[in-house]
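This note sets out some points to follow while looking at the structure. Please read each point with the model in view.

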Amino acid sequence: MGRIVLDKVTKNFGDTQVIPPLDLTIEDGEFAVFVGPSGCGKSTLLRLIAGLEDCTSGRVMIDGEDVTEVSPSKRGLAMVFQTYALYPHMTVRKNIAFPMRMAGMSEEEQNTRIAAAAESLNLTDYLDRKPGQLSGGQRQRVAIGRAIVRDPSAFLFDEPLSNLDAALRVGMRLEITEMHARMNTTMIYVTHDQVEAMTMANKIVVLQAGVIEQVGSPLDLYHRPCNKFVAGFIGSPKMNLIEGAEAAKHGATTIGIRPEHVEVSATDGLWQGTVGVAEHLGSDTFIHIHGIDGCDPMTVRTGGNVSFKHGDTIYLTPDATQIHKFDAAGLRID
Amino acid sequence: MSNRTLPRLLQSPAVILLLIWMLIPLSMTLYFSFIRYVLNSLRRPEWTSPSFSNWRGFGNYEFVLNSKDFLFAIQNSLLIVCSILFLTVILGVLIAVLINKTFPGQGIVRVLLISPFFVMPAVNAVLWINMILDPVLGLQGIAVGGLNDLVAGLRDAPVVGWFFSLWPEFNPISFRATQTSAYAVIIMVTWQWTPFAVLIFMTSLQSEDQQQKEAAILDGASAWSQFRFLTLPHLGRPIAIVVMIQAIFHLSLYAEIEIVSRGNGNKNLPYLIGEFANNNIGAASATGIFAVILANIVAIFLLRMVGKTLME
């Protein structure tokens, strides 16, 4: 079980309030991802849940129980850190055993759990090595193993993949997602990478400056961003936000159109521009276009086999059903 | 091969200089230790200049081994060095952990803690033996005297007077005496060198990974367990370094021993060498060779220990 509720939680560091009163519910078994630009308070929020920081006011509840004043180790949560935080002078086996040893668990029970965790994380051959002799991905797996053996009610991940290279990151992303599907335990995952958020989460929490901008499923956020910030943050490449006369035609201050919802043509279309850079990925081409009123450059995503070059004239037609409209305050208009 | 000749040629002045630097004193000591060589002798004036014709073989070594102070000096050297190492490492770790927390006035406290290390050894010895440990005029004498006065006063008090009349009169300890002079040296050198240990341990503690500590907190480790399983292993290397450096320094203590009791009841090898060197250079050199051997034995143990922690 692991239903986590934040009730009007705030956090001040000195005189600065980094988290204004915030309410959030994470249901049991959910994979929640906190995403936002760096410095938005997502890590602080995770540390408040873990108990590594004290709430200035408000309550943290786990399974209906108020744990605001409960020490971190008694909350039944396990955390995986960005720097892995392995104990460098202990072997992998001892690292994984450490929380059980602290809990005074019997030797046999420890060994069964270590064996099971090592098996599921492909660490069996490395149990007698020290962390310094492992690669980044293996170290992160040890850190996850140390979390699993505690049998926690929820896992907390603090940017666990940022120290890995791109290829490994994709692999570990899949492993963690699969682990969640298998164990069905609540997981809270902090990242600044919206791709990780989109691919892993059941529920994404978008944060900016300590404030929750929107909570929803990945596709919810993609199709119905509630404001300009979320619209620009979720999706890759970023949504094009167009201001001025073009937006006024739709009765909005700003309109947004995703790069994949724009039709490209060399001969005719609604907007005319000049190709700046065309990025060929093979499957897709991202074209950055200059000279369109209210949005410079505009990015469009089109098929892999187009041959636009720098300086070519290009015509664009947005899919009218996919245009997002925002008012002067940046909020969505339906 | 020819491409190695030039580098070797260029290295040679430095290598030769270092060899001379080491070998000349060592071979002169060896030479003097095998001949009769005294600074002043009316009876045998030929012994006052070093010469192979005064060859004594292992006679100097035999003389040193049979002198009553030799074994005592070795024992005492080890007692002093080991006690100081033990005390400075323990006090150093405790103080370093204590002041590693943030508190107001941290900067001043740290500077004050380091300051004993800047006192000259001879000044340190004079200060302690005369102003602190002296049984009459020192702090010790004043404190014991004050305590005695207090007890004497309380003896006349109503109700509890009978209890205090059971108390004996306290006697201050004289740290210049044969039995206690080694302890005086241990106390004053520990006071002077604990800051060194604190300094090294403190810098090491500041490089300790905070996320590891947080992970340990979440893993349910108590403050003691964190210290035992994270901080202490983290300090392994600096402890080895502190032990090695201090062992080298404290095997050659001299000023403190001279000032506390002029070697009365408290000699170490350097002090013994100094005593022999007042006249008998041959015996002093033989003792010097013994000191080199002892230092090497200690060094082998220490290098093993340091090597082991560095390998991890």
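**Notes on the predicted model**

1. Chain A is divided into two domains: domain 1 covers 4–230 and domain 2 covers 237–333. The distance between the C-alpha centres of domain 1 of chain A and domain 2 of chain A is 37 Å. Where these domains meet, five residues of domain 1 of chain A are in contact with seven residues of domain 2 of chain A. The side of domain 1 of chain A that touches domain 2 of chain A consists, by class, of three nonpolar residues, one polar residue and one charged residue.

2. The mean pLDDT of chain A is 90, and 100% of its residues score at least 70.

3. An open sheet in chain A is formed by four strands in the order β2-β1-β4-β5, and the pairing is antiparallel. Because β2 (16–26) and β5 (65–66) of chain A stand at the edges with a single partner strand each, one side of each is left without a neighbour in the sheet. Strand β4 (residues 57–62) of chain A is joined to β5(A) by two bridges, again in the antiparallel sense. At this pairing, A:Ile62 has A:Glu65 in β5(A) as its bridge partner.

4. Strand β17 (residues 313–318) of chain A deserves a separate look. In a regular strand the side chains alternate between the two faces of the sheet. For β17(A), which residues form the covered face and which the uncovered one? A:Ile314, A:Leu316 and A:Pro318 make up the covered face, whereas A:Thr313, A:Tyr315 and A:Thr317 make up the uncovered face.

5. The pairing of β17(A) can be followed strand by strand. Strand β13 (residues 262–265) of chain A pairs with β17(A) in the antiparallel sense over four bridges, and A:Glu263 stands opposite A:Thr317 of β17(A). Strand β14 (residues 271–280) of chain A is also antiparallel to β17(A), and four bridges join these two strands. Here A:Thr274 has A:Thr313 as its bridge partner in β17(A). Both A:Thr313 and A:Thr317 belong to the uncovered face of β17(A).

6. Chain B has 14 helices and zero strands. What radius of gyration does chain B have, beside that of a compact globule of 312 residues? Chain B has 26 Å, while such a globule would have a value near 20 Å. The C-alpha trace of chain B spans about 85 × 60 × 30 Å along its principal axes. Of the 312 residues of chain B, 27% count as buried. Among contacts in chain B between residues at least 6 apart in sequence, those joining residues at least 24 apart account for 68%.

Technical notes. Residues are numbered from 1 along each chain as its sequence is written. Chains are lettered from A and ligands numbered from 1 in the order in which they are written. This is a predicted model: local features need pLDDT of at least 70, side-chain atom pairs count only at pLDDT 80 or more; totals for chains, interfaces and linings use all residues. pLDDT is the predictor's confidence in each residue, from 0 to 100. A residue is buried if 20 or more other C-beta atoms lie within 10 Å of its own, exposed if 12 or fewer, and partly exposed in between; C-beta atoms are placed from the backbone. Two strands pair if DSSP finds at least two bridges between them. The radius of gyration is taken over C-alpha atoms; the globule rule is 2.2 Å times the number of residues to the power 0.38. Two residues are in contact if their C-beta atoms, placed from the backbone, lie within 7 Å. Domain bounds come from an automatic or database domain assignment. Ala, Val, Leu, Ile, Met, Phe, Trp, Tyr, Cys and Pro count as nonpolar, Asp, Glu, Lys and Arg as charged, and the others, Gly among them, as polar.
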